[in-house]
Amino acid sequence: PTRLIVITAHYDSGRASSLTDPAMLPWLRPLHWGLLACMALIVATCGADAIGSLTGTESAYTQPLRWCAVAPLLLAAFALFRIPPNSADVRGANNNASGVAALLRLAERLAAKPVDGADVWLVATGSNESWMGGAHHLMSTHRIPKTNACVLNIESVGAGSLHYLTGEGMLQYLPCDQEMIEAANAAARTHKATPAELRSVPTGLHGLLARGYRGMTIMGLNEEGLPPHWNWHTDRISEVDEPAVANAADFAEAILRTLATPAQG
């Protein structure tokens, strides 16, 4: 095979806290940008003070502005210090037991009808909640070329409507691989999948996209464009739709076989 296709699904679940409250999720990205703006303001005011001390043009406004930026950062640091002890484990039925179930169904189907045009790896990664450690460990311990390899991530496919992400990233926008998007477009109508962008929460693929790997995520999203029950107490087995998981696995298989077709020629 001249192509490597890696199918991933992280098998750990997160923890519920005030930051993962469903009402809070749309505000996570603006909060991140606000904290970055505070950091930039601190650097700018320090630079202005340095220039002013050299040129004798110190400004009386730099120090008050700096403290206006320091205060939100101190509050954020205090919140991050206080929130983890008060967080609670969640069942993780949708995020991401549903992705692992889809991965296992895909394994059964590939065992019955293998793909000849590509080398396929099915990988269940751990430590996703610890800076996506499982995915990073995979890339550091296996030689995966960035030119002829692509990564398909299956995540939170047991609830909501099926989507395939064309781009993601809370701060930096990371476009997904165009060839994979085209493969998903070809199978989207059959599996009732819709393209979408995800900017409010990270996926297990985010770190790999940031490092230049080609990839795409398939995920269930609700009407607000968010993964249902993400790191929240409601993420129970009663909220997971088994036919949706099976449909996501079949959609992943269709994408995989389309990607493998050019190599067969």
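Select Leu28 to start: this residue is found in helix α1. Helices here are DSSP runs of H or I with at least four residues, strands are E runs of at least two, and both are numbered from the N terminus. The model is predicted, so local features need pLDDT of at least 70, side-chain atom pairs count only at pLDDT 80 or more, and totals for chains, interfaces and linings use all residues. Residues are numbered from 1 along each chain as its sequence is written, and side-chain values use heavy atoms, with hydrogens and water left out.

**Stop 1**

Colour Leu28 by accessibility. Its relative accessible area is 10%, so Leu28 counts as buried. The cut-offs are under 20% for buried, over 50% for exposed and in between for partly exposed, with a 1.4 Å probe and protein chains only. The C-alpha atoms of Leu28 and Arg199 are 9.4 Å apart in space. In sequence, 171 residues separate the two.

**Stop 1: the whole chain**

Zoom out. The chain has 7 helices and 9 strands. Along the principal axes, the C-alpha atoms fill a box of roughly 75 × 40 × 35 Å. Of the 265 residues, 45% count as buried.

**Stop 2: a nonpolar patch**

Go back to helix α1, residues 25-55, and pick Trp33. Is Trp33 buried, exposed or partly exposed? Trp33 is partly exposed, at 41% relative accessible area.

**Stop 3: the largest pocket**

Select Leu19, His32, Leu80, Trp131 and Pro202. Among the 41 residues lining the largest pocket, these lie nearest its centre. About 1600 Å³ of space lies in this pocket. The elements that give two or more residues to its lining are α1, α2 (62-82) and α6 (206-210). Which element gives the largest share of the lining? Helix α1 does, with 6 residues. By class, the pocket lining divides into 21 nonpolar, 16 polar and 4 charged residues. Ala, Val, Leu, Ile, Met, Phe, Trp, Tyr, Cys and Pro count as nonpolar, Asp, Glu, Lys and Arg as charged, and the others, Gly among them, as polar.

Pockets and cavities are found on a 1 Å grid over the protein atoms alone. A pocket is an open set of points with protein on both sides within 12 Å along at least five of seven lines. A cavity is a set where a 1.4 Å probe fits but cannot get out. Lining residues have an atom within 4 Å of a point. Points are joined across faces, edges and corners, and a volume is the space filled by probe spheres set on them.

**Stop 4: the cavity**

How many cavities of 30 Å³ or more does a search of the whole structure find? The search finds 1. The largest cavity has a volume of about 60 Å³. Select its lining: Thr8, Ala9, His10, Thr125, Ala135, Leu138, Asn153, Gly204, Leu205 and Leu208. Strand β1 (4-10) and helix α4 (133-141) are the elements that give two or more residues. Most come from β1, with 3 residues. The cavity lining has 5 nonpolar, 5 polar and no charged residues.

**Stop 6**

The whole structure holds 9 salt bridges. The criterion is a side-chain nitrogen of Lys or Arg within 4 Å of a carboxyl oxygen of Asp or Glu.

Arg105 is in helix α3 (residues 93-112) and Asp250 in helix α7 (residues 242-264), 145 residues apart. Arg105 is partly exposed at 30%, whereas Asp250 is buried at 18% relative accessible area.

Arg109 is partly exposed, at 34% relative accessibility.

Next, Glu253. The closest N and O atoms of its salt bridge with Arg109 are 2.3 Å apart. This pair again links α7 and α3, across 144 residues. Glu253 counts as buried, at 7% relative accessibility. Finish by selecting Arg105, Arg109, Asp250, Glu253 and Arg257: salt bridges with shared partners join them into one network.
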